[in-house]
Amino acid sequence: MRERPIALVTGASAGTGSEIALALGAAGHDVAITGRRTEALEELAGQLRGQGADALVLTVDVRDATALDQAMTRFLEWSGGRVDVVVNAAGTTGPLSPPIGEFSVADFDNVIATNLRAPFIVLSRLLPIMRAAKGGRVVNIGGNHGMRGRAGRSSYSASKWGLRGLSRSAALEAGPDGVTVNYIAPGPVAVPRMKAAWRARAEQDGVSEDEALTRYVANMGIPLGRPSEPSDIVAMVLYLVGPGGRNITGQELVIDGGATL
Ligand SMILES: NC(=O)c1ccc[n+]([C@@H]2O[C@H](COP(=O)([O-])OP(=O)(O)OC[C@H]3O[C@@H](n4cnc5c(N)ncnc54)[C@H](OP(=O)(O)O)[C@@H]3O)[C@@H](O)[C@H]2O)c1
């Protein structure tokens, strides 16, 4: 049996997921990380090992249900059947602006398979194990589009609302066994993907990056006047999986500078 607690983080090859994985490693977990980009995952695994954590790279497209299930089998072989923390962070926005009628069913299915069905498959394998062990923490990374609608984001919003329902239902099922399941709802987070989009918008509008960000924040109606940093999301994950999260379950923790008020 492994001595260090075991965490699984999906969507760890980039952005918030990679920061969450590193923080869990630094907090004493051995960490399994998933994504499609093996090179990025191997680099992160090297960083985790440098922190003294054991790391397992699982290259998998989470839209492939069979491959994801097989990845969970590999994960459980590696962990010796121990599962302490599961963070479902893999996600996609899908196409950004087509209205319903122009948004293809194939694109809709891709977004739902990534953002909603994949966490269901992961939990289908791991939640029973956590329940049998009488403990564990699940954190699903949703989005504030799971708290509201947005024109041009029908599939993304639907997937994140769905993940809320999945999280609450899982919390009800697993609560009696001491397992918590929570949902974090970030607004815009300054990950490399978003920063690139803001840079492109600045070039397109012929303004400075600062000005482009100011306009974006105003357009999104963010009272605190800034996007989140990945560290804002990481801090909440660490709280939920730490002692402070012991009696918190089925909650939606919105981290968006007040955008959905
Ligand atoms: N950034 C934001 O502004 C923001 C706002 C609200 C919510 N969120 C949510 O936060 C989570 C992380 O987003 P992020 O922006 O920090 O990260 P990101 O830079 O968009 O990276 C997404 C991660 O998900 C993985 N992923 C996507 N599709 C996948 C697939 N089909 N199979 C396997 N892995 C897949 C990617 O890995 P590969 O590319 O290697 O496959 C990558 O590791 C997502 O659930 C996102 O919806 C983000």
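## The area between the two domains

Domain 1 and domain 2 bury about 720 Å² between them. Carbon and sulfur atoms make up 60% of that area. Buried area is the accessible area, taken with a 1.4 Å probe, that two parts lose on being put together, summed over both. Pro188, Val189 and Glu229 supply 63% of what domain 1 buries against domain 2, more than any other three residues.

This is a predicted model: local features need pLDDT of at least 70, side-chain atom pairs count only at pLDDT 80 or more, and totals for chains, interfaces and linings use all residues. Residues are numbered from 1 along each chain as its sequence is written, and side-chain values use heavy atoms, with hydrogens and water left out.

## Where the domains lie

Domain 1 covers 6-189 + 229-252, and domain 2 covers 190-227. These bounds come from an automatic or database domain assignment. The C-alpha centres of the two domains lie 26 Å apart.

## Contacts across the interface

Eight residues of domain 1 are in contact (heavy atoms within 4.5 Å) with nine residues of domain 2.

One residue pair, both at pLDDT 80 or more, is in polar contact across the interface. A polar contact is a pair of N or O atoms within 3.5 Å; within protein, one must be able to donate a hydrogen and the other to accept it, and residues adjacent in sequence count only if both atoms are side-chain atoms.

## The ligand

Some side chains reach oxygen atoms of the ligand. A side-chain N or O atom of Ser13 is 2.6 Å from a ligand oxygen. For Arg193 the distance is also 2.6 Å. A polar side-chain atom of Lys160 lies 3.0 Å from a ligand oxygen. Taken alone, the ligand exposes 880 Å² (Shrake-Rupley method, 1.4 Å probe). The protein buries 93% of that.
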